[in-house]
Amino acid sequence: MSRPVIAVTTSQRSGWRIFPLVALNVWLAGGRAVRWGVGRAADLPSVDGLIIGGGDDISPTLYGQTLRVAARLDARRDELERRLAEEALQQGVPVLGICRGAQMLNVALHGTLEQDIWARLNRRKVTTILPKRTVHVAPRTHLSRIAGDAPMRVNALHSQAVDELGLGMRVCARDEHGMVQAVERTSPPFALGVQWHPEHLFYARRQRALFRALVEAAQDGRQRDPATSRRLRPARPRGA
């Protein structure tokens, strides 16, 4: 059977350097990545899974707030990724959110974000692609089953963070300051968002496990419909 196809959304600014790293992780996990973004084709029924990548901040207008801090925004990317997240969850497409992508998952399910989490916690902002921060994984969560519940060393490249949880979401990891570091959907389909960037940590077994979990969920979705290597659009209810 061919490799599951995983769409990866990227920033218009940094996607050219980030996508190859994510694609490498997807390949190591048994999948094949295709790059999506503003101005590119984004046909959800043509893929088996979705990664919402990192980059630009999310406009607070998406969750009913006004901009309070300086931020790098991309309204067209916001619109594209919120639509894809909503449709993926409705259609049973597994989703992995990375940094901004974790936040977008939460926003798509009517949650909110803290626009400047470092100021709120009165902490000096940490920005590094190296695994210099510790997160604590909640037991009996999907994340703990994927990567174990021992403390995990991760990187940090964000200003925003999950605040109020979206519908059907739960926190599955926090850092030593209590900052939300990972969220997940409590019911199918598979939907996990991590605040760090696991694509930079491909040498770490527990980080590769995140991509493997997504690819396995995508593979499971294909096997449930052996007549096709892609998902079928859900049947429309009678009378609709």
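Which residue stands opposite Val 194 in β11? Okay, hold that thought for a second while I set things up. What we have on screen is a predicted model, so please keep that in mind throughout. And the residue is Ala 182, which stands opposite Val 194 in β11.

Let's stay with the strands around there. β10 covers residues 180-185, and six of its six residues are buried, so the strand is largely enclosed by the rest of the structure. Who are its partners? On one hand there's β9, residues 169-175, which pairs with β10 in the antiparallel sense over five bridges. If you want a landmark on that pairing, look for Met 169, which stands opposite Arg 185 in β10. β9 and β10 make a hairpin with four residues between them, and in that turn you'll find Gly 178, with a positive phi of about 90°.

Then there's β11, residues 191-194, which also runs antiparallel to β10, here over three bridges. That pair is a hairpin too, with five residues between the strands.

Ala 191 and Val 95 are 96 residues apart in sequence, yet their C-alphas are 4.7 Å apart in space. Val 95 belongs to strand β4, residues 95-98. Buried or exposed, then, for Val 95? Buried, because its relative accessible area is 0%, and the cut-off for buried is under 20%. Setting aside residues up to four places away in sequence, Val 95 touches Phe 190, Ala 191 and Leu 192, and its other contacts include Leu 50, Ile 52, Ala 88 and Leu 105.

In general, nonpolar side chains in soluble globular proteins tend to be buried together. In this model, the largest nonpolar core has 31 residues, and the members touching the most others are Val 26, Ile 51, Leu 143, Trp 196 and Phe 211. Apart from that one lies another core, of 29 residues, and our friend Val 95 is in there, along with Ile 52, Ile 58 and Ala 85, among others.

Last stop, the surface. Leu 24, Leu 28, Phe 202 and Tyr 203 form a nonpolar patch there, with about 380 Å² of accessible area together. Leu 24 sits in helix α1, residues 15-28, and is partly exposed, at 34% relative accessible area.

That's my tour, so over to you.

Key
Residues are numbered from 1 along each chain as its sequence is written. This is a predicted model: local features need pLDDT of at least 70, side-chain atom pairs count only at pLDDT 80 or more; totals for chains, interfaces and linings use all residues. Side-chain values use heavy atoms; hydrogens and water are left out. Patches are made of residues with over 30% relative accessible area and no salt bridge: like charges are joined within 9 Å, nonpolar side chains (Val, Leu, Ile, Met, Phe, Trp, Tyr) within 5 Å. Accessible areas come from the Shrake-Rupley method with a 1.4 Å probe; for residues, only the protein chains shown count as cover. A salt bridge is a side-chain nitrogen of Lys or Arg within 4 Å of a carboxyl oxygen of Asp or Glu. Helices (H or I, at least four residues) and strands (E, at least two) are DSSP runs, numbered from the N terminus. Buried means under 20% relative accessible area, exposed over 50%, partly exposed in between (1.4 Å probe, protein chains only). Two strands pair if DSSP finds at least two bridges between them. A nonpolar core is a set of buried Ala, Val, Leu, Ile, Met, Phe, Trp, Tyr and Cys residues joined through side-chain atoms within 4.5 Å. Contact means heavy atoms within 4.5 Å.
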